[in-house]
Amino acid sequence: MSKPNMMLPADANNPRAEDPALVVAEYRDYLASRGHGSMPAFSAARTFMARWPVPEDWLGEPLEMRWETRHHTTPFILFLMLTGRIHGDYGYLLETRLTNILSACAGQTLETDLLFFLDKARTLGFSERVSRAMTTGIVARILLHRGGPLSAVGAGDLEEVEAACRAREQRSGRSAHPYLVLSADVRRVLFHAELMAEPPPKPDTRRSFTQRMETVHGPLGGALVRYLDRKTVTCVPHTVSSLATRLAHFGAYVTTLDPDLSGPAGLERCRHIEPYFIALSRAPNTKSGGILSPAEQARRIHAVSNFLREITEWGWPDAPARQLLFRSDVPRLPRPLPRYLPPDSDRMLAQALLNSTNRLVADALLLQRAAGLRVGELLDLELDCVHQLAGNGAWLKVPLGKMKTERMVPLDDDSLALLDRIIATRSPGQAITHPVSGKPVQFLFTRHGKRLQVNGLRSELDRAAANAGLGHVTTHQLRHTYATALINAGVTLQALMSLLGHVSAEMSLRYASLFDSTVRTEYERALDLAKTRIGTTTGTGRTLLPITTVTSGNWRETPTIKSRLAGGYCLRAPAQEACPYANICEHCPSFRTENSNLPVLQAQRKDAAMLAQDARGRGWDSEARRHEALVDQLDLLIRETGTA
């Protein structure tokens, strides 16, 4: 008995048999045209044709047997596939390396299709490695299997190769995940190449409301499911999902406490609601450890309160007969100020983002900072979001966001240049279905043929913050920083509301309370008066200097914030910081001088240079830069006056 992997002579009477010598000769010419060929390869081809003069019969052999013939036979079998004598099956193709398929099919239709796909993948921003992996790992195998052109490949072909990958995983234990990821990317490339009508569907990993209420026993679980189904009509999916989490926690607690609970109508204040409040104040936070924050406790109480109130308003027969929750049940929440980035940190983070190689994501974060967008608004921006108005500059159209309103935000030249860079970096392609409206939209931030994701933004922001030497920074802090900078520059409350998309003044007043210019002015006036009378009270052990005059020594050497003026000098305590009006006249474009004032200007310049050196020695860099700017301006004035 012969061994299973031995090649037996062919049936000479088979009418479909080809002349083995002619096939091997064609194979020899094929290899020679590519500069290849060896005796083992020719011997393997002759042996194969002797055993299977009809190459299609080879496909009927057990897969294990065909694997055992791969050593020198694989190039010949690939040749048979390229010449249309056989169509490869996925069981064999998935075990065969096709990294050299582009050189193997040179000059053939298959090469044209593979190069076309490879170019489209690169255009969408895929790296060279991933583009080639998709081309050789998925597309080449599909074309070798079906034998048709790339334009004929459809969703069914991708589903077939995905099923073969899963079967291979069950058979051999080798993970199908890499192939499934590549297959999804192939779908995206084919869609944007206009070879497939629909983009790859987003996998729905959400559990149903019934599944999420499995821990809620009795009729209450069914009532919560009905309520959540009703809320999907008026709330976005993310909101309803959060409600489901909070109501499931409430329902699981009260039905465990009272297994015989008949439903919402059976809830009692003393028996169910108040014990839940106590348990909620001690409930663990499964994400960060510790207990739930007061804000999350308040959200869960609001969720239960709204559930009971709304089913009562809707007239549900199993609604409670009386009100069970009250305003006083909600814990008092802290009211922290917005967490903005100080100017130095803001500049360092911006520089780290400018230095990033992840250009599209870094530029997205820079645009969020430049326009004060919420992260959802940022990712929903469309390609035509910039509007140019004659005589009124450029504006950014911000789409519907958290407050369900649209708005226009003015753009400066730097922001326009940033948007031009984003448009040049994004991946082109067909419009993508909007997840809310269901309409096809050309989004601004697309990479690899799909929209940027929030997690990608957060990862890039974490990397940039670490490179800048900062702690943890959130995307929303960029919005806070934008608003704070505007407040510091004196923007009105009404303008701030419009720029941020706030629907109530209370939302914007949080920023107005950060740096109240009236409070600052009153503080400085009172501080000057107090220090004139009693000197400094910092307890640092330094000499207490009267702010109004210097009785001894050189005023230029005093440890104060000093400014040289044309007619004198100004001294301020370090706690007061520099006067915002210091040397404002010299920098004003309306300032004029004459030849007779040249000695005064030259004396002022000399003192300003000395003050800059003094500030550098004390480590007051910003103060030194202020004096150096004055020196530059005085040089300009002196030159202009001397040549007048």
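Which strands pair in the antiparallel sense over five bridges, β8 with which partner? Strand β8, residues 561-565, pairs with strand β9, residues 568-572.

## The β8-β9 hairpin

The model is predicted. In it, β8 and β9 run antiparallel, with five bridges between them. Two residues link the strands, forming a hairpin.

## The three-stranded sheet

Another sheet is built from β1, β2 and β3, in that order. The sheet is open, and its pairing is antiparallel. Strands β1 (386-389) and β3 (407-411) are the edge strands; each has a single partner strand, so one side of each lacks a neighbour in the sheet. On average, neighbouring strands here are turned by 35° against each other, direction ignored.

Strand β2 covers residues 393-398 and is joined to β3 by five bridges. Ala394 has its bridge partner in β3, namely Leu411.

## The helix across the sheet

Helix α19 spans residues 413-425. This helix lies across β1, β2 and β3. Relative to β3, α19 runs at about 105°.

## The chain as a whole

The protein chain holds 27 helices and nine strands. Of its 644 residues, 42% are buried. Among contacts with a separation of 6 or more, 61% are between residues 24 or more positions apart.

The chain exposes about 35000 Å². Carbon and sulfur atoms supply 54% of that area.

Notes:
Residues numbered from 1 in each chain as written. Predicted model: local features only at pLDDT ≥ 70, side-chain atom pairs only at ≥ 80, totals over all residues. Heavy atoms only, no water. Pairing = 2+ DSSP bridges. Helix = DSSP H or I, 4+ residues; strand = E, 2+ residues; numbered from the N terminus. Axes fitted to C-alpha atoms, helices over the stretch in contact; angles between N-to-C directions. Contact = heavy atoms within 4.5 Å. Buried < 20%, exposed > 50% of the residue type's maximum accessible area, 1.4 Å probe, protein only. Areas by Shrake-Rupley, 256 points an atom, 1.4 Å probe, with all protein chains shown as cover.
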